[in-house]
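Please look through the model below before reading these notes. They are numbered so that you can check each point in turn.

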Amino acid sequence: MTRPAAHKALVILDFDGTLYRGLCPALCRGIANADLLVVLCLISLSQPRRFFRLMREAVRLQKLQRRLTRAYEEKRLSLSSADGRLIRFFVHRIMPYCTPAALDRAAALVSRLCYPSAWRALSAVRSGCDFVVVSKSFHFLLEKVRQRAAACDVHLRVIGTRVRRGDAGWRVEVPMTREEKAFQVRELLMDGAYGRAVVIGDTEDDIGMRDAAAEALGAESVAFIALNAKDNEIKGIADVSYPSWRLVGVFLRSWVAEA
């Protein structure tokens, strides 16, 4: 994000299910890690031992996801806690079987699966807004998305889950919880460079980003859009709820024009 003082509005985006469409939205709900695992398996087909190990862990991950989803639906577990456990499983049980080159290649392929209409919607208001993605998705994947967005003349800043490979294997550096996402939004807005913000998300965890933006700028200066909303909580709190980026684009153009 260059020269933030030149813009007075910031568009804050979730990634999974919001900016990211994925291979099969109806089945995977736009979860980038699910597609990342699929791609890692496919590019490992020429290495049978690695492929079958990845497939074994993929089955275990799917079983864990089902248990956690049930616990979340029964309100025994928060969404942030459930996602955190899935991310840690991926880091500790999937990534050890992958080389950095394989992860980089898979991330480059998965980065292609964002909504094309999102780039059009954001490009149309780029003269009046800056853009940032704050997501639980891996930062190395979001970096590929940032590069792809630049090709569409959309300049993103990306903030995601950072991982590090050390002597003891892969580990998560800073878990991107609901609270951490809110903290990152607060940090982005507290320096006074922006007077207005739009937050776009699809789950209850994105409400924390809206609340942080409202705390920094005032509720009257923040718009909250639920895009392809995944739960009733975000539907009830969002200012508007849309099923497509085309409609979000219409909203953004009108919102920028009001400035």
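1. The chain exposes about 12,600 Å² (Shrake-Rupley method, 1.4 Å probe; for residues, only the protein chains shown count as cover). Carbon and sulfur atoms supply 52% of that area. Of the 259 residues, 50% count as buried, meaning under 20% relative accessible area with a 1.4 Å probe, protein chains only.

2. This is a predicted model, in which local features need pLDDT of at least 70, side-chain atom pairs count only at pLDDT 80 or more, and totals for chains, interfaces and linings use all residues. Residues are numbered from 1 along each chain as its sequence is written, and side-chain values use heavy atoms, with hydrogens and water left out.

3. The average pLDDT of the chain is 92, and 96% of the residues score at least 70 (pLDDT is the predictor's confidence in each residue, from 0 to 100). Over residues 1-6 pLDDT stays under 50. Where pLDDT is low, the predicted coordinates should not be read in detail.

4. Eleven helices and eight strands make up the secondary structure (DSSP runs numbered from the N terminus: helices H or I, at least four residues; strands E, at least two). The radius of gyration is 18 Å, close to the 18 Å that the globule rule gives for 259 residues, so the chain is as compact as a globular protein of that length. The radius is taken over C-alpha atoms, and the rule is 2.2 Å times the number of residues to the power 0.38.

Technical notes: Contact means heavy atoms within 4.5 Å.
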